[in-house]
Amino acid sequence: MLRYLFTRRTDWTVFVVAVSASLTLMLLGPKSQARTVWFLQHTLLAPAEIVVGWVDRGVAVYWENQRLRQRVARLTIELDETRAERGENDRLRRLLHLAERHPYDLVSAHVVGRSLDRLGGSLALDKGDAEGIEANRAILTPDGLVGRIERTSRHAARVLTLLHRDCAVAARIERSRVDGVVRWEYGDRPTLDLLYVSSQEDVKPGDQVLTSGLGGIFPAGVRIGTVERVGLEPNGLTKEIVVDPAVDFRKLEEVLIYVPSARGGTVPADFYPTAADSAAADSLRRAAAAAAPAESLAARALR
Amino acid sequence: MKSVRDIAVLVVAMILQATFLYRFEIAGIRPDLLVAFVVYLGWMRGPIAGTAGGFLVGLIQDLDAPGPLGLNALSKTIVGFAVAKAGFRVHRANAGVRFAFFLFAMLAHDVVYFAAASLGDLALFLKQMLTIALPSALYTALVVIVILALVENVWKRPLLVDET
């Protein structure tokens, strides 16, 4: 029978085997799937990621060069203004006896690869073990939280964005201090769900959602997004809350890796610009984009 | 020789997909060259290559996808096989035939993909077919036609040829 199948019906046999293998993979439990993914990624994709990184780096350098030419002209003007402001800032700081705080460090990295899947969900960065980057570091931009590092190699890291099923974040509503968990659920992309919030809690559309710091991976106070829609789950016990992410994941080119210092701490509230502080927001965004790879934004901002 | 060329095409398609194509997104929709590659493989190399290629390409894509493992592998296996079995044997050089073939093959892929992913939620399935699958299939088919025309023009040889 098998001999007949393999000699006369080879195409159908291959088809049935491939479909069976696919279905088996889909029916594996989450832990087995994770183990399988880990094994295949380390055998199949590791060399490909290196090549992809080289190519994208070349393309990115070209585009970056174009942007930097324009930026240099702008920054030259801003530099003079900044020098004057820095002097004023130093004088005021001394007056107030404020010690410089270094509760965290932010290392900039370039996005060198994106998910092969249309729906996205992951990114590849050009920083890895050699630069002191470890797994489970939070990834930020001046707009808000991007995700976390899943694994690293010598000069690369794979990031699970918030739009990945394996990236759940402990979150808090800024206004009412209600806690929950933000997670992407398969469906209406690219929005997130705020889960486990009781139907009695006070949550309204337009509320800002921040990280709560629970869980230890993400620092507290980082903007995740804005509540877009609030409803009631079919069970009647919890709210159905849809969150619009603060970050546009499709357009990420540079990100910041959060590296907590030994003293710990949270990201200061003023790190994330408010709507009313649009001038500061633009300045911070430009600073993040222009930050040299070896120099952290925090160091620049506090210098 | 054909296998080497196919692998080279796959590598180029993967690199473009991972690094370059996001720059051409329109309203969140970008071309999916990997499905197009599976369609090409099934159409030109037959059911075994189409099925095996579809499974492997889908598996690689699954490793990087936010959805469940095996979803891309299943949909690409089916489309690789179906394309080879149903593929037009003639008029492959005709741009209209190419466009229609790639469009319908990509829609068939997405029917399997979103049907399995939405787990019986008909409203979600229809919404994804309308908002993601249809624009993505149109965009990809258009891009593939342009790429094929450009490559054939430079190479001076047809990539998709009729069976004799």
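**Entry 1: a loop in chain A.** I looked up A:Y196 and found it in the loop between β8 (192–195) and β9 (208–211) of chain A. Helices (H or I, at least four residues) and strands (E, at least two) are DSSP runs, numbered from the N terminus. A:Y196 has a positive phi of about 65° although it is not a glycine. I noted that most residues other than glycine have a negative phi. A:Y196 is exposed, at a relative accessible area of 57%; buried means under 20%, exposed over 50%, and partly exposed in between (1.4 Å probe, protein chains only).

A reminder to myself: this is a predicted model, in which local features need pLDDT of at least 70 and side-chain atom pairs count only at pLDDT 80 or more, while totals for chains, interfaces and linings use all residues. Residues are numbered from 1 along each chain as its sequence is written, chains are lettered from A and ligands numbered from 1 in the order in which they are written, and side-chain values use heavy atoms, with hydrogens and water left out.

**Entry 2: another positive phi.** I then turned to A:N136, which is not a glycine either and has a positive phi of about 65°. Its place is the loop between β2 (122–125) and β3 (138–141) of chain A. A:N136 is partly exposed, with a relative accessible area of 34%.

**Entry 3: a histidine.** Is A:H164 buried or exposed? I found A:H164 buried, with a relative accessible area of 3%. A:H164 sits in the loop between β5 (157–161) and β6 (169–173) of chain A. Beyond its neighbours within four places in sequence, A:H164 is in contact with A:G121, A:W184, B:A65 and B:P66; contact means heavy atoms within 4.5 Å. A:G121 is 43 residues away along the chain, yet its C-alpha atom is 4.7 Å from that of A:H164.

**Entry 4: where the chains meet.** The contact takes 48 residues from chain A and 49 residues from chain B. Together the chains bury about 4400 Å², 65% of it on carbon and sulfur atoms; this is the accessible area (1.4 Å probe) that two parts lose on being put together, summed over both. On the chain A side, A:L116, A:R118 and A:Y186 lose the most area to chain B, together 22% of what that side buries. I counted two salt bridges between the chains, each a side-chain nitrogen of Lys or Arg within 4 Å of a carboxyl oxygen of Asp or Glu. A:D11 forms one with B:K85, and their closest N and O atoms are 2.6 Å apart.

**Entry 5: chain B.** Chain B has six helices and zero strands. Of its 164 residues, 55% count as buried. In helix α5 (residues 95–118) I looked up B:G96, which is partly exposed, with a relative accessible area of 44%.

**Entry 6: helix α6 of chain B.** Where is the kink in helix α6 (residues 122–155) centred? The kink, of about 40°, is centred on B:M129; the bend is the angle between axes fitted to the seven residues ending there and the seven starting there. Just after α6(B), B:K156 takes a positive phi of about 65°. I also looked up B:V151 in helix α6, and B:V151 is partly exposed, with a relative accessible area of 35%.
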